[in-house]
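Dear colleague,

Please find the sequence and structure below. I would be grateful if you could read the notes that follow with the coordinates open.

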Amino acid sequence: MIFNKSIMRVTGALLLCGISFSSLRAQTKPEYTSLIDAMRATSRLRGKPGPESVNWINGGQKYSYIVNDEIRSMEPATLTDELVFTNKGLNFPGTTKQFAYESFQWSHDSKHLVFQSDFRPIYRRSGISNYFVYDLATKQLKQAAKDARTAELSPDGKKVGIERNGNMYVYDFATAKEKQLTHDKTSENGIFNGHYDWVYEEEFGQAQAWNWSPDNKYIAYWQFDERKVPDFEMTNFEGHHNDNIHISIPQVGDANPTVKIGVVDVATGKNIWLKPDETGDYYTPRIYWTSNPDVLALMTLNRAQNHMKLYFFNVKTGEHHVVLDEKNTTWVAIFDFYTDVNDMVYFPEKAKEFFWVSDRSGYYHIYRYSYDGKLINQVTKGDWDMIKVSRIDPQTQTIYYLSAETGGLDQQFYSIKYDGSQKTKLSDISGFHDIDMSPDAKYYLDKYSNITTPLHVALRNNKGTQLKMLEDNAAVSAFVTGHAYSAPEFFNFKTTDGVALDGYMIKPFNFDPNKKYPVVMTVYGGPESHDVFNKFYTDGWQQWLAQNGYIVVDVNNRGVANYGSAFMKVVYKQLGKWESNDFVETANYVAKMPFVDAGKIGIMGTSYGGYSTVYSLLTHPGVFKVGIANSPVTDWTLYDDIYTERYMGTMPDNAAGYKASSAMTYAGNLKDHLLLIHSMSDDNVHPANTMQLITALTDAGKDAELRIYPKGAHGAAYNSQSSVLIKSVGFNYLERYLKGNNNLPNLNAK
């Protein structure tokens with residue numbers, strides 16, 4: 001998954017704390033003393049997040065949260081706040097060392113805490129940890145698993161499921177013994193159980209590759225066979241004889257891992273393999289336990305990811321049948337990385353029906369099915385996208401969800417009945433809302449912001465009534481009022497082919513409409529992402545650019561979500577074409593503004609934004625005078641197969657599209673200044689992308705500047721110093737080639 005940068009949406013002509021943004025610019029206020037000062041201001045602008053590590057407990061009657069390593073609980077009905085857990089005076093079992101942890105989970109009965117400690121990262125979401133269980137009644141701490149990738153309490157709290165070193169185990173508290181459930185792991189590039197390989201974890205968005213059954217009897221798990229997957233090797237060149245890291249990562253057209261789903265009976269150790277009726281190369285991205293304790297739902301996707309099947313398996317007999325079959329002319333979404341949507345199918349407890357989110361109408365909406373696979377009804381309807389299901393309440397047959405019904409810039413909260421009736425808008429404040437709702441759907445935390453409002457966190461009931469404001473970030477409002485600040489302003493325009501695009505513009509501090517300013521477009525643009533939102537703006541880097549006389553621009557280009565499938569999926573099999581087209585259209589639109597220096601427009605981005613930058617420079621030479629590309633994909637055959645083939649199709653079916661979407665195809669077109677930044681330790685966008693582009697440019701007699709940061713991961717930075725340096729190098733590049741400023745400070749003279 002190519003990550004998105006954090007970007008906020010804003011509008012002008014509005015008020016913050018009673019002071020117009022235009023007047024904020026006009027006043028003389030303290031400015032940032034340095035780039036470091038501006039980067040540090042990001043956290044000040046972001047403010048406090050409200051309750052952290054929220055977990056709803058006691059069926060939704062309370063939620064827990066962390067404050068300085070202490071776990072507290074809040075009861076919404078009474079607004080009673082109390083201490084649940086403290087590590088003061090608590091040591092690791094059998095030691096005198098004070099207990100510490102990175103994260104925790106609750107048992108289903110809310111009587112035990114499972115702590116994850118000594119976390120050692122592996123990939124984006126996974127790592128090795130030690131796990132401890134704390135009994136709230138006895139205040140006893142016991143170690144449940146050592147050096148495990150994942151561990152989870154059984155629903156009844158009597159056992160702990162464990163994945164360690166590629167095999168599944170279970171620890172029984174009653175006997176104080178651990179039992180091994182699988183025995184067939186060979187190696188990490190061979191056969192292993194219970195954790196994902198690199199590409200499944202990265203591109204299907206999960207870290208734990210196994211699930212307890214609700215009745216505590218079974219553990220369903222993935223088994224991977226990596227033996228045919230090509231080996232990816234990288235090094236950061238440290239040491240006398242540098243270490244080489246090896247990861248099995250399939251790129252476009254490569255062999256995928258062979259995947260099987262096993263279900264093991266925890267008591268007997270008996271294992272059954274679930275075998276769907278699929279042939280050829282296919283994925284198994286999700287499994288779900290249904291309300292029938294012996295029935296597991298298993299999802300398959302063909303390699304092109306445009307045909308999804310949902311099977312129901314009886315885990316005792318292996319009997320199975322298809323209950324949902326969904327095809328698409330582009331791709332079928334089964335989750336969304338950018339909106340933190342883990343699932344598109346939902347199985348309410350104690351109900352014999354399920355819900356599926358599909359864009360078959362041209363917009364994402366909720367569809368209701370019976371367990372025999374019959375469509376009961378479409379729940380949400382309209383020319384707008386349903387974004388995220390927040391909670392389903394079987395008791396009242398109500399679904400709570402977030403949508404873009406009020407427009408592609410906002411995210412608003414609604415409720416609706418199963419049959420599509422009684423739709424109610426619960427959020428009454430414009431902007432971007434993110435919802436954390438209790439399991440019983442009686443209460444929720446509403447995290448929201450907009451152009452005039454920094455992040456607020458409110459506790460509300462299911463009617464939308466505020467019970468308590470948990471965080472209003474008054475300190476952020478005070479900082480913006482008393483410090484130089486330039487708020488983004490929305491704009492909307494139609495491209496030359498008649499498509500409306502939303503964007504924002506951040507004007508320089510003390511903006512003078514009679515002057516002309518250079519423009520820097522900060523872009524991402526990848527499929528299913530979203531850049532411009534009606535959120536409070538917090539990026540200190542872009543404020544630094546504004547302070548130094550740049551206009552900063554971003555746009556929701558074709559390919560992003562929340563504007564309907566036609567807008568988003570036009571990029572299918574032709575990545576780069578419409579994204580770069582819309583960036584150029586935006587550049588041409590702002591170039592006509594009287595305060596823009598039309599000959600001084602730059603573009604920059606990281607990851608997919610790096611690809612967008614390079615591709616735009618090479619396919620539209622002369623539009624952008626400067627490009628800065630960090631960790632760019634330069635040829636889609638060099639990226640992993642799940643992400644790429646989802647949006648580009650498979651190579652045999654789209655060879656011409658792959659060539660047209662490769663930046664290297666157009667290396668000879670480079671006319672403008674290009675700075676490339678990459679890390680040799682990037683396991684996401686492999687450094688081969690930048691290295692092969694350099695070769696292609698060199699062969700074409702074209703020059704680009706290159707900065708390599710060997711130890712960095714994706715994004716190149718690996719600590720605060722490297723992050724500041726990368727920003728400083730980029731800023732100096734803009735100063736040199738957009739402003740013609742060659743009298744730049746020596747970065748080594750600090």
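Predicted model: local features only at pLDDT ≥ 70, side-chain atom pairs only at ≥ 80, totals over all residues.

Cavities. Searching the whole structure gave three cavities of 30 Å³ or more. The largest cavity has a volume of about 140 Å³. Its lining comprises 14 residues, and Asp336, Tyr364, Met386, Ala561 and Asn562 are the closest to the centre. Two elements, β30 (386–393) and α6 (565–569), each contribute at least two residues to the lining of the largest cavity. By class, that lining consists of seven nonpolar, four polar and three charged residues.

For the second largest cavity, the volume is about 90 Å³. It is lined by 15 residues, with Ala333, Phe335, Glu528, Arg646 and Tyr647 nearest its centre. Eleven residues of this lining are nonpolar, one is polar and three are charged.

Aromatic pairs. The count comes to 64 aromatic pairs. One of them joins Tyr608 and Tyr611 in an edge-to-face arrangement, at 5.3 Å centre to centre and with 75° between the planes. Both tyrosines belong to helix α8 (residues 608–619), where Tyr608 and Tyr611 are three residues apart, about one turn of the helix. Tyr608 and Tyr611 are both buried.

Charges over rings. Lys260 is placed over the face of Trp273, 4.0 Å from the ring centre. Likewise, Arg360 lies over the face of Tyr367, at 4.4 Å from the ring centre.

With kind regards

Terms used: Residues numbered from 1 in each chain as written. Heavy atoms only, no water. 1 Å grid on protein atoms, 1.4 Å probe; cavity = no way out; pocket = protein on both sides within 12 Å on 5 of 7 lines; lining within 4 Å. Points joined across faces, edges and corners; volume = space filled by probe spheres on them. Helix = DSSP H or I, 4+ residues; strand = E, 2+ residues; numbered from the N terminus. Nonpolar A, V, L, I, M, F, W, Y, C, P; charged D, E, K, R; others polar. Phe/Tyr/Trp six-rings, centres within 6.5 Å; stacked < 30°, edge-to-face > 60°. Buried < 20%, exposed > 50% of the residue type's maximum accessible area, 1.4 Å probe, protein only. Lys NZ or Arg CZ within 6 Å of the ring centre and 35° of its normal.
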